[in-house]
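Work through the exercises below with the sequence and model in view. Try each task before reading its solution.

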Amino acid sequence: IDTSTTNVYIAQASDGDNWGGDEELSTKLVTELLTQVQYFAYIQTESLDRRIYKGKHGRDTEDLFNMYLEISAQHKKLQARLVTSGSEVYPALRSLFEGEA
């Protein structure tokens with residue numbers, strides 16, 4: 001992709017499950033992808049109860065939101081939001097796409 005002539009934007013929504021052991025490869029691939037895009041917006045939708053349960057019992061999965069937060073600390077092209085209830089969807093999407101202040 002020639003990013004000097006092409007604008008590429010990605011938006012991903014997920015429940016946040018990432019199979020255990022995939023985090024290293026996922027981090028590598030997303031980091032490489034960020035060199036080819038202008039912006040990557042991620043929204044994770046999961047209830048607070050499920051998130052708590054997963055934290056206590058989710059031995060087979062990693063959490064994409066936490067992984068993306070770590071990546072976004074180094075790559076400002078990636079922004080991530082967590083949504084735990086329906087009332088949070090619009091504010092989260094708005095904050096992702098409102099542009100730079």
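**Exercise 1.** Classify Tyr39: buried or exposed?

Solution. Take the relative accessible area of Tyr39, which is 18%. Compare it with the cut-offs: buried is under 20%, exposed is over 50%, and partly exposed lies in between (1.4 Å probe, protein chains only). Tyr39 is therefore buried.

The model is predicted: local features need pLDDT of at least 70, side-chain atom pairs count only at pLDDT 80 or more, and totals for chains, interfaces and linings use all residues. Residues are numbered from 1 along each chain as its sequence is written, and side-chain values use heavy atoms, without hydrogens and water.

**Exercise 2.** Determine what kind of aromatic pair Phe40 and Tyr68 form.

Solution. Start with the rule: rings of Phe, Tyr and Trp (its six-membered ring) pair if their centres lie within 6.5 Å; planes under 30 degrees apart are stacked, over 60 edge-to-face, the rest tilted. The ring centres of Phe40 and Tyr68 are 5.6 Å apart, with planes at 70°, so this pair is edge-to-face. Helices (H or I, at least four residues) and strands (E, at least two) are DSSP runs, numbered from the N terminus. Both Phe40 and Tyr68 are buried.

**Exercise 3.** Locate His75 and find which residues His75 touches.

Solution. His75 lies in the loop between helix 3 (64-72) and strand 5 (78-83). Its relative accessible area is 28%, so His75 is partly exposed. Leaving out residues up to four places away in sequence, His75 touches Thr31 and Leu34; contact means heavy atoms within 4.5 Å.
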